[in-house]
Amino acid sequence: MHSNVPRVKVISSEGVPTSHLPFSPPLQVDDWVFVSGQASVDAAGQIVHDTFEGEFRRSMDNLKAVLQGAGLELRHVVQLRSYVDSPKDLPEYNRLYREYFSEPFPARTTLVGCLGGTIKYEVDVTAYTKKR
Amino acid sequence: MHSNVPRVKVISSEGVPTSHLPFSPPLQVDDWVFVSGQASVDAAGQIVHDTFEGEFRRSMDNLKAVLQGAGLELRHVVQLRSYVDSPKDLPEYNRLYREYFSEPFPARTTLVGCLGGTIKYEVDVTAYTKKR
Amino acid sequence: MHSNVPRVKVISSEGVPTSHLPFSPPLQVDDWVFVSGQASVDAAGQIVHDTFEGEFRRSMDNLKAVLQGAGLELRHVVQLRSYVDSPKDLPEYNRLYREYFSEPFPARTTLVGCLGGTIKYEVDVTAYTKKR
């Protein structure tokens with residue numbers, strides 16, 4: 001009946017901001033979890049403008065909430081993409097980043113700009129669910 | 001003989017624009033299909049400048065043609081990255097997007113700019129071939 | 001004891017630039033290797049400003065060193081993302097690219113800008129370790 005449907009699972013959990021936009025916050029596919037871009041938004045999905053630190057921490061809180069729905073934590077992230085709006089925030093970005101991640105760090109690419117000027121930070125990740 | 005060659009498959013199919021550029025439109029690796037950035041180009045790979053809607057629809061048509069070569073449809077896309085040149089096109093982007101994708105939506109990140117000012121939209125995806 | 005630790009492996013090898021920044025140059029997860037953004041940096045991780053060609057070649061040398069630690073070469077790359085700071089360098093980028101990659105080419109997306117204006121090129125990749 002559903003023989004042509006991909007084996008994916010949309011994960012929802014408490015604390016994940018709702019959104020009227022068409023994306024799955026996380027989509028689980030076999031052993032992998034793909035997480036949509038997370039930014040500084042409140043529970044209703046509205047942007048919360050803040051300092052870089054405030055936006056970064058709120059993005060990470062949202063990322064953690066999304067991962068939690070799959071039973072995962074930040075340490076299960078294997079690849080991460082960061083979008084930092086202003087190059088002047090890069091040192092603070094790297095300093096704050098170490099509060100959330102530790103070795104073995106995810107593979108990471110950091111891009112500057114690309115956010116349309118409305119937010120200061122966004123992050124998306126790929127996580128891996130298998131434990132050893 | 002080919003013992004050190006990765007197990008990948010370049011997929012071609014009717015309707016996929018040709019290009020003189022060095023990329024595989026889709027590369028299949030085990031159960032995954034990686035699709036190169038698709039934009040508003042014609043069958044010969046030449047850019048077709050159009051309204052945002054025109055460029056978006058042509059990009060999606062090209063994406064569908066690429067996926068079709070692997071026996072896949074848009075609903076097999078699990079992760080998608082959109083590049084929208086101008087922030088003013090974001091509302092139309094989200095409206096049009098819903099014509100092509102439905103729940104469970106792919107994980108998605110949308111970036112603004114990054115296209116060098118020559119095109120209005122580009123999309124790349126990862127798709128998953130296993131069916132349930 | 002480590003039952004909740006993801007099965008990842010940080011790979012290091014000779015020739016990989018050291019960095020004070022929080023990322024794993026490559027992270028291996030089962031059959032996949034995720035490589036962090038590679039740019040024109042020296043062995044100590046310091047940016048080497050150069051012509052586009054010089055920066056591109058140094059980025060590729062660093063990418064090759066990172067892959068080598070996992071026993072891989074450029075031909076094991078299945079998906080590649082290029083960030084070219086200036087659109088005027090795109091023709092040279094495509095010309096040089098063919099010196100490093102051959103068919104079957106990786107799936108590829110090329111973005112313009114997003115580098116904060118300090119470097120001319122950056123590349124990140126996903127590679128696949130299984131051989132046929």
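How many residues of chain B are in contact with chain C, and how many of chain C with chain B? The legends below go through this predicted model one close-up at a time, starting with that one.

**View 1. Where chain B meets chain C.** Here 25 residues of chain B touch 24 residues of chain C. On the chain B side, the elements that put in two or more residues are strand E1 (8-10), strand E2 (26-29) and strand E3 (32-38) of chain B. E3(B) hands over the largest share of that side, with four residues. Sorted by class, the chain B side comes out at 15 nonpolar, eight polar and two charged residues.

**View 2. Chain C laid on chain A.** A turn of 120° with a shift of 0.0 Å along the axis puts chain C on chain A, and the RMSD is 0.0 Å. The two copies are therefore related as by a three-fold rotation axis. Look for Cys114(C): within chain C, its C-alpha is the one nearest the axis, at 3.6 Å. As for contacts, the copies use different surfaces, with 8% of the contact residues of chain C recurring in chain A.

**View 3. Two helices packing in chain A.** Helix H1 (residues 52-68) of chain A sits against helix H2 (residues 90-100) of chain A at an angle of about 35°, and their axes are 11 Å apart. The crossing of H1(A) past H2(A) is right-handed. From H1(A), the contact draws on Phe52(A), Glu53(A), Phe56(A) and Met60(A), while H2(A) brings Glu92(A), Tyr93(A), Leu96(A) and Tyr100(A). Split by class, the residues of this contact are six nonpolar, no polar and two charged.

**View 4. The sheet of chain C.** Six strands line up as E1-E2-E3-E6-E4-E5 in an open sheet with mixed pairing. Strand E1 (8-10) and strand E5 (107-112) of chain C are the edges, each pairing on one side only. Going from one strand to the next, the twist averages 15°.

View 5. Strand E4 (residues 77-84) of chain C runs parallel to its partner E5(C), and six bridges join the pair. As background, strands of a sheet pair through backbone hydrogen bonds, in either a parallel or an antiparallel way.

**View 6. A helix across the strands of chain C.** Helix H1 (residues 52-68) of chain C lies across strand E2 (26-29), strand E3 (32-39) and strand E6 (121-128) of chain C. Relative to E6(C), H1(C) runs at about 25°.

Technical notes: Residues are numbered from 1 along each chain as its sequence is written. Chains are lettered from A and ligands numbered from 1 in the order in which they are written. This is a predicted model: local features need pLDDT of at least 70, side-chain atom pairs count only at pLDDT 80 or more; totals for chains, interfaces and linings use all residues. Copies are superposed by least squares on the C-alpha atoms of residues with pLDDT of at least 70 in both. Two residues are in contact if their C-beta atoms, placed from the backbone, lie within 7 Å. Ala, Val, Leu, Ile, Met, Phe, Trp, Tyr, Cys and Pro count as nonpolar, Asp, Glu, Lys and Arg as charged, and the others, Gly among them, as polar. Axes are lines fitted to C-alpha atoms, for helices over the stretch in contact, and angles run from 0 to 180 degrees between N-to-C directions. A crossing is left-handed if the near helix is turned anticlockwise from the far one by less than a right angle, and right-handed if clockwise. Two strands pair if DSSP finds at least two bridges between them.
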